[in-house]
Amino acid sequence: MPLNPIVGETFQCEMPSGEMFYGEQISHRPPITSWLLEDPDEDYVFYGSYKLNGWLNGIQSFVGYKTGDMTLKFKDGTVYKFSKHPVMQVTGLVKGP
């Protein structure tokens, strides 16, 4: 997906293993993305949405984290919910590290 997609922009693809992925940008400010991953055998479904929170850390790096909920449901009824996301840092934006 592009770095700064417009509202309503969608992305879908079939993975080599058969899973289908669907994503949509549902808000631009703040940037919120909603997504769904479906197993071809219907063994599981994984979906959620997140908001990207980020800032420039000096001139060389971008630091950010996501907030939002993700749900993983299995055919047997097992459900896992996630709401913690790691902090990310991208460096070398202007020139190499």
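**Entry 1. Overall make-up**

I began with burial: 20% of the 97 residues of the chain count as buried, where buried means under 20% relative accessible area, exposed means over 50% and partly exposed lies in between, with a 1.4 Å probe and protein chains only. I note that this is a predicted model, in which local features need pLDDT of at least 70, side-chain atom pairs count only at pLDDT 80 or more, and totals for chains, interfaces and linings use all residues. Residues are numbered from 1 along each chain as its sequence is written, and side-chain values use heavy atoms, with hydrogens and water left out.

I then looked up the secondary structure and found 0 helices and 7 strands. The order from the N terminus is β-β-β-β-β-β-β. Elements are DSSP runs numbered from the N terminus, helices being H or I with at least four residues and strands being E with at least two.

For the surface, I recorded an accessible area of about 7,000 Å² for the chain, with 58% of it belonging to carbon and sulfur atoms. The areas come from the Shrake-Rupley method with a 1.4 Å probe, and for residues only the protein chains shown count as cover. Among contacts in the chain with a separation of 6 or more, 25% are between residues 24 or more positions apart; contact means heavy atoms within 4.5 Å.

**Entry 2. Aromatic rings**

I searched next for ring pairs. Rings of Phe, Tyr and Trp (its six-membered ring) pair if their centres lie within 6.5 Å, and planes under 30 degrees apart count as stacked, over 60 as edge-to-face and the rest as tilted. The count by this rule is 6 aromatic pairs. One of them joins Trp-35 and Phe-46 edge-to-face, at 4.9 Å centre to centre and 75° between the planes. Trp-35 belongs to strand E3 (residues 32-38) and Phe-46 to strand E4 (residues 44-57), so this pair ties together parts that are 11 residues apart in sequence.

I checked the accessibility of both: Trp-35 is buried at 12% relative accessible area, whereas Phe-46 is partly exposed at 21%. Phe-46 also pairs with Phe-82; the ring centres are 6.3 Å apart and the planes stand at 75°, so this pair is edge-to-face. It links distant parts of the chain, Phe-46 in strand E4 and Phe-82 in strand E6 (residues 79-82), 36 residues apart. Phe-82 is partly exposed, at 34% relative accessible area. I recorded Trp-35, Phe-46 and Phe-82 as one aromatic cluster.

I also found a charge over a ring: the charged end of Lys-66 sits 4.2 Å from the ring centre of Tyr-50. The criterion is NZ of Lys or CZ of Arg within 6 Å of the ring centre and within 35 degrees of the ring normal.

**Entry 3. Charged side chains**

How many salt bridges does a search of the whole structure find? The search gives 1 salt bridge, defined as a side-chain nitrogen of Lys or Arg within 4 Å of a carboxyl oxygen of Asp or Glu. Lys-75 forms a salt bridge with Asp-43, with 3.1 Å between the closest N and O atoms. The pair links distant parts of the chain: Lys-75 is in the loop between strand E5 (61-74) and E6, and Asp-43 is in the loop between E3 and E4, 32 residues apart. Lys-75 is exposed at 59% relative accessibility, while Asp-43 is partly exposed at 33%.

I then turned to Glu-19, in the loop between strand E1 (10-14) and strand E2 (20-27). Glu-19 is buried yet has no salt bridge, and the nearest side chain of opposite charge, Lys-75, is 13 Å away. For charge, Lys and Arg count as positive and Asp and Glu as negative, with His and the chain ends not counted. Not counting residues up to four places away in sequence, Glu-19 touches several residues, including Leu-37, Pro-40 and Tyr-44.

**Entry 4. Two further residues**

I looked up Tyr-47, which lies in strand E4 and is partly exposed at 29% relative accessible area. Its contacts, leaving aside neighbours within four places in sequence, are Trp-35, Leu-36, Asp-69, Met-70, Thr-71 and Lys-73. The C-alpha atoms of Tyr-47 and Tyr-22 are separated by 9.3 Å, at 25 residues apart along the chain.

Lastly, I located Pro-86 in the loop between E6 and strand E7 (88-91). Pro-86 is exposed, with a relative accessible area of 62%. With neighbours within four places in sequence left aside, Pro-86 is in contact with Gly-64 and Tyr-65. From Pro-86 to Gly-64 I noted 8.8 Å, C-alpha to C-alpha, across 22 residues in sequence.
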